[in-house]
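Trainee: I would like to go through the helix packing and the nonpolar cores of this model with you, one question at a time.

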Amino acid sequence: MSETKGMSTTNRAILIAAFLLLAGAIGYAIWRDSANNAAAPTPMAAASPDAQLAAIEERTRREPQSADAWMALGAARFDLGDYPGAAAAYEKSVAIAPESAGLWSALGEARVMASPRDPMPAAAAEAFDKAIALNPKDPRARYFMAVKKDIAGDHKGAIDEWFALLADTPQGAPWEADLRRTIEQVGAINKIDVAPRLAATQPRALKADEMPVAARAIPGPSRADMEAASQLPKGQQDAMIAGMVDGLEAKLKANPADVDRWIMLMRSRMTLGETAKAAQALKDALAANPGAAQRLKAQAQMLGVPGGNGSKGG
């Protein structure tokens, strides 16, 4: 029994690591892609997180029937590590806009994170079910429904579903690398050889009608950038990628409050083997966004960024 419990704890830790990365990549973009209203979420500013949270809460009092206002509050509380509070806010949001698959999947994620023991509480699974019913392609809901299968012991079924999600992942989507990492981790734990399928699986090309959505999501290379890079020799591709990463860093100097961009920068630096620069990115991100420290450190730890283990100086 103790061995089973230990394995469950290990699996939960790995799955949390994986979906923290995925959630960080998808971020606010998921609900925007499927919500009917066009309002953008209220960003968390660089200083005085308590004041910013108070301002968002005040907005919900001014606009109690605004799904966007409650969504912004849910996202802000999630960033602060207040997962029960995030779930409560998302519950208000879905009550107002029950047709939004993205809001239901955000609620499901918050409920998972708010659960101290159960890695997939029934209420979270119910929210993901509703998201899938509204939009069978909702990537966050699909991801977590595969997590549910893995937790239940259907590791092959979970991996198959993640591969299906990978097949639907647009070219250059920011969560592709993390999804691949999840497949690798779960395959390794359960002795399932996924390497051939991963090698044979390429992200599909971005559709024309997806371009505006991609542009509103996590900042990254454009379709033109990706096509241009694919035509270059490897050395020039590497130089182009490095230039994009440096450009991302420059954008963060102009807007250090963009937590998602900091996460992307850390991931990019680690992918390039630039661990010292990744550690500096974490340090700068924490200084600029103290209210998002828990999320930033969790992301950094899972990426292997030096200083991302919660120790002082990280």
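Trainee: At what angle do helix H6 and helix H8 pack?

Mentor: Since this is a predicted model, the geometry describes the prediction. Helix H6 covers residues 101–114 and helix H8 covers residues 139–151, and their axes lie 8 Å apart. The two helices pack at an angle of about 40°.

Trainee: Is H6 parallel or oblique to H8?

Mentor: The packing angle of H6 and H8 is about 40°, and angles under 35 degrees count as roughly parallel. The angle between these helices therefore makes H6 oblique to H8. The crossing of the pair is left-handed, and the term for their relative direction is oblique.

Trainee: Which residues in H8 do the H6 residues meet?

Mentor: From H6, the contact involves Gly-102, Ser-105, Ala-106 and Glu-109. By class, the residues of the contact between H6 and H8 are 3 nonpolar, 2 polar and 2 charged. Their partners in H8 are Arg-140, Ala-141 and Phe-144.

Trainee: How is H9 oriented relative to H10, roughly parallel or roughly antiparallel?

Mentor: H9 and H10 have axes 10 Å apart and pack at an angle of about 160°. Angles over 145 degrees count as roughly antiparallel, and so H9 is roughly antiparallel to H10.

Trainee: How many nonpolar residues does the contact of H9 with H10 have?

Mentor: On the H9 side are Ile-159, Trp-162, Phe-163, Leu-165 and Leu-166, which meet H10 residues including Leu-179, Ile-183 and Val-186. Also in the H10 part of this contact are Glu-176, Arg-180, Thr-182 and Gly-187. The contact has 2 polar and 2 charged residues, and the number of nonpolar residues is 8.

Trainee: Which residues touch the most other members of the largest nonpolar core?

Mentor: This core has 48 residues, and the elements giving two or more residues to the core include H6, H8, helix H9 (155–167) and helix H10 (176–189). Ile-183, leaving aside neighbours within four places in sequence, is in contact with Ile-159, Trp-162, Phe-163, Leu-166, Val-194 and Leu-198. The residues touching the most other members are Tyr-90, Met-120, Phe-128, Trp-162 and Ile-183.

Key: Residues are numbered from 1 along each chain as its sequence is written. This is a predicted model: local features need pLDDT of at least 70, side-chain atom pairs count only at pLDDT 80 or more; totals for chains, interfaces and linings use all residues. Side-chain values use heavy atoms; hydrogens and water are left out. Axes are lines fitted to C-alpha atoms, for helices over the stretch in contact, and angles run from 0 to 180 degrees between N-to-C directions. Helices (H or I, at least four residues) and strands (E, at least two) are DSSP runs, numbered from the N terminus. Angles under 35 degrees count as roughly parallel, over 145 as roughly antiparallel, 65 to 115 as roughly perpendicular and the rest as oblique. A crossing is left-handed if the near helix is turned anticlockwise from the far one by less than a right angle, and right-handed if clockwise. Contact means heavy atoms within 4.5 Å. Ala, Val, Leu, Ile, Met, Phe, Trp, Tyr, Cys and Pro count as nonpolar, Asp, Glu, Lys and Arg as charged, and the others, Gly among them, as polar. A nonpolar core is a set of buried Ala, Val, Leu, Ile, Met, Phe, Trp, Tyr and Cys residues joined through side-chain atoms within 4.5 Å. Buried means under 20% relative accessible area, exposed over 50%, partly exposed in between (1.4 Å probe, protein chains only).
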